There are 2 protein chains.
Amino acid sequence: MTHEKHDGSAVSVLGLGQMGTRLAQAFLAAGHATTVWNRGAVKADALVTQGAVRARSAGDAVVASPLVVVCLPDYATVAEVLGPVAAGLRGRTLVNLTSGTPEDAVRTAGWAAGHGADYLDGAAMSGTRLVGRAEALFVLSGSADAFARHRAVLAGLGNATYLGADPALAPVYDTALFGLAWGALAGFHHAAALAGAAGVAPADFAAVATGHMPFVASLMTDHARQIADGRFPDDDGTVAVHTAAMEHLVETSSAHGIGTQVPRLITDLLEQAVALGHGADGIAAVSRVIGGGEGDV
Amino acid sequence: MTHEKHDGSAVSVLGLGQMGTRLAQAFLAAGHATTVWNRGAVKADALVTQGAVRARSAGDAVVASPLVVVCLPDYATVAEVLGPVAAGLRGRTLVNLTSGTPEDAVRTAGWAAGHGADYLDGAAMSGTRLVGRAEALFVLSGSADAFARHRAVLAGLGNATYLGADPALAPVYDTALFGLAWGALAGFHHAAALAGAAGVAPADFAAVATGHMPFVASLMTDHARQIADGRFPDDDGTVAVHTAAMEHLVETSSAHGIGTQVPRLITDLLEQAVALGHGADGIAAVSRVIGGGEGDV
């Protein structure tokens with residue numbers, strides 16, 4: 001049975017691309033009455049059969065729920081879609097999961113406030129497939145009250161994490177975590193290639209590599225504390241020792257016909273840390289090369 | 001009470017540097033009678049008070065236990081220490097956690113076989129602090145029988161993972177995982193700096209970042225399967241889309257005075273993947289740039 005009423009739903013989702021569709025499905029799966037709207041109506045059909053209410057217009061979708069989630073291609077589209085229906089946002093919470101810059105987020109938060117709406121900027125960090133599962137990280141920033149009020153519904157998306165009152169935080173984390181993920185992936189592809197050259201199947205290597213990541217994550221926690229303290233104890237080896245080991249990895253990679261891009265980058269960073277006088281310090285001193293831009297090559 | 005007899009212990013540890021000491025402590029903590037030896041006797045004192053038996057010589061240490069674990073500065077020292085006492089290894093299992101190359105491991109396995117000993121080459125992947133805990137990864141390769149026989153004792157070290165019969169596998173994984181960890185750490189330091197430029201404290205960023213790593217690890221598993229299949233579906237976005245996003249990250253980093261080394265490396269890798277015709281493929285196509293050495297710059 002599908003819901004026939006437009007009012008009384010818990011959440012409205014505007015924008016039914018790949019991500020928006022998954023968001024609506026996750027809200028429905030979590031048992032929340034969900035209104036959906038898309039510029040092209042056809043994308044809502046499958047969701048309606050899954051129990052969603054189709055709004056006739058963006059304006060109807062906005063007023064249907066106290067929580068309005070938009071996930072559109074870009075901020076220009078957000079302005080096009082919400083601009084004409086802004087009056088309907090008064091007293092509601094707008095959660096904007098559209099990808100954008102910190103400036104976009106701050107500007108849109110101001111716009112929402114001007115129309116009497118609470119605002120949360122957000123980013124989906126874990127792709128579309130995991131949406132609704134505990135591993136799916138959504139970062140949200142802006143109104144603390146709005147997050148507290150809608151926390152239970154937002155939890156239907158997965159791990160909905162509130163970052164703070166500055167709406168710019170979500171896009172900042174979005175961008176930073178994107179770079180972090182790619183650093184790890186580049187390291188993985190190099191490592192898998194090196195293991196592959198020794199006859200190790202990618203899946204076999206991945207099984208061990210993923211088991212190693214909790215330790216790597218624990219180093220991140222340690223390094224964060226050291227960055228904050230401005231002190232770099234050598235509990236996990238000195239910069240000088242790691243430099244030598246990384247130079248060895250460049251040679252080993254080269255000898256096996258594997259791209260040396262990743263270990264050469266790391267070697268460069270470590271050598272710059274040595275040049276800055278951190279050779280005898282712990283490896284988190286590499287933050288002095290990356291963080292300040294001083295060692296940028 | 002300390003054990004007075006040299007025979008009858010479960011495991012002997014030769015080499016009591018920082019790691020060797022932690023290994024012996026972990027065996028003792030797991031309830032295994034442990035014999036210890038170090039070239040300089042003083043390092044054994046603390047372990048003896050913790051219940052270890054001190055061997056008078058390397059030869060005594062070797063014959064004291066069916067399982068002989070060595071952790072020495074390098075393979076030259078292994079040869080110096082074990083060469084004169086090789087006869088004592090007959091019928092025992094030698095586990096060598098000394099850092100070295102795949103060639104070192106294969107040569108030493110052959111040497112051990114020549115003296116009637118089973119051999120496992122190994123590497124401690126998680127530093128010294130975690131030894132004895134489940135997160136401490138030890139990779140081991142060589143005799144499957146020996147691993148099965150001593151699995152229960154080796155489990156006292158942490159997550160003792162058997163990789164396969166080729167003794168070279170442990171140093172191969174050691175080297176590969178070292179590069180992987182550094183890729184992730186470089187990504188983390190860049191990301192923490194970028195978040196820091198927006199006023200986010202390192203520990204706050206690390207808390208969210210480490211929560212994101214299980215997702216990143218799941219991407220590694222996906223990518224491994226795609227590498228094996230030689231097909232790169234775009235479930236997590238195309239190379240072209242990620243290239244544009246990474247170029248944006250370079251600009252954002254630069255605008256905030258943050259080192260652009262990491263995002264520029266990733267941009268280079270992605271652009272090379274585009275140049276190889278993978279622009280519309282999924283991001284795991286970057287393996288074609290790193291894996292084959294073809295895109296090495």
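Predicted model: local features only at pLDDT ≥ 70, side-chain atom pairs only at ≥ 80, totals over all residues.
**The domains of chain A.** Begin by selecting residues 11–164 of chain A, which make up domain 1. Colour residues 201–290 of chain A separately, as these form domain 2. Between the C-alpha centres of these two domains of chain A the distance is 39 Å.

**The interface as a whole.** Next, display chain B together with chain A. Here 88 residues of chain B are in contact with 87 residues of chain A. The two chains bury about 7600 Å² between them, and 75% of this area lies on carbon and sulfur atoms. Now select B:W182, B:H189 and B:Q261: they supply 10% of the area that chain B buries against chain A, more than any other three residues.

**Charged and polar pairs.** Six salt bridges are found across the interface of chain B and chain A. To view a salt bridge, select B:R129 and A:D235, whose closest N and O atoms are 3.7 Å apart. Ten residue pairs across the interface are in polar contact.

**The side of chain B that touches chain A.** Finally, hide chain A and examine the elements of chain B that give two or more residues to this side. Among them are the strands β7 (137–142) and β8 (159–164), as well as the helices α8 (202–229) and α10 (261–278). Which element provides the largest share of this side? Select α7(B), at residues 169–197; α7(B) contributes 23 residues, the largest share. By class, the side of chain B that touches chain A comprises 54 nonpolar, 26 polar and eight charged residues.

Note on methods
Residues numbered from 1 in each chain as written. Chains lettered and ligands numbered in written order. Heavy atoms only, no water. Domains from an automatic or database assignment. Contact = heavy atoms within 4.5 Å. Buried area = accessible area lost by both parts, 1.4 Å probe. Salt bridge = Lys/Arg side-chain N within 4 Å of Asp/Glu carboxyl O. Polar contact = N/O pair within 3.5 Å; in protein donor to acceptor, adjacent residues only side chain to side chain. Helix = DSSP H or I, 4+ residues; strand = E, 2+ residues; numbered from the N terminus. Nonpolar A, V, L, I, M, F, W, Y, C, P; charged D, E, K, R; others polar.
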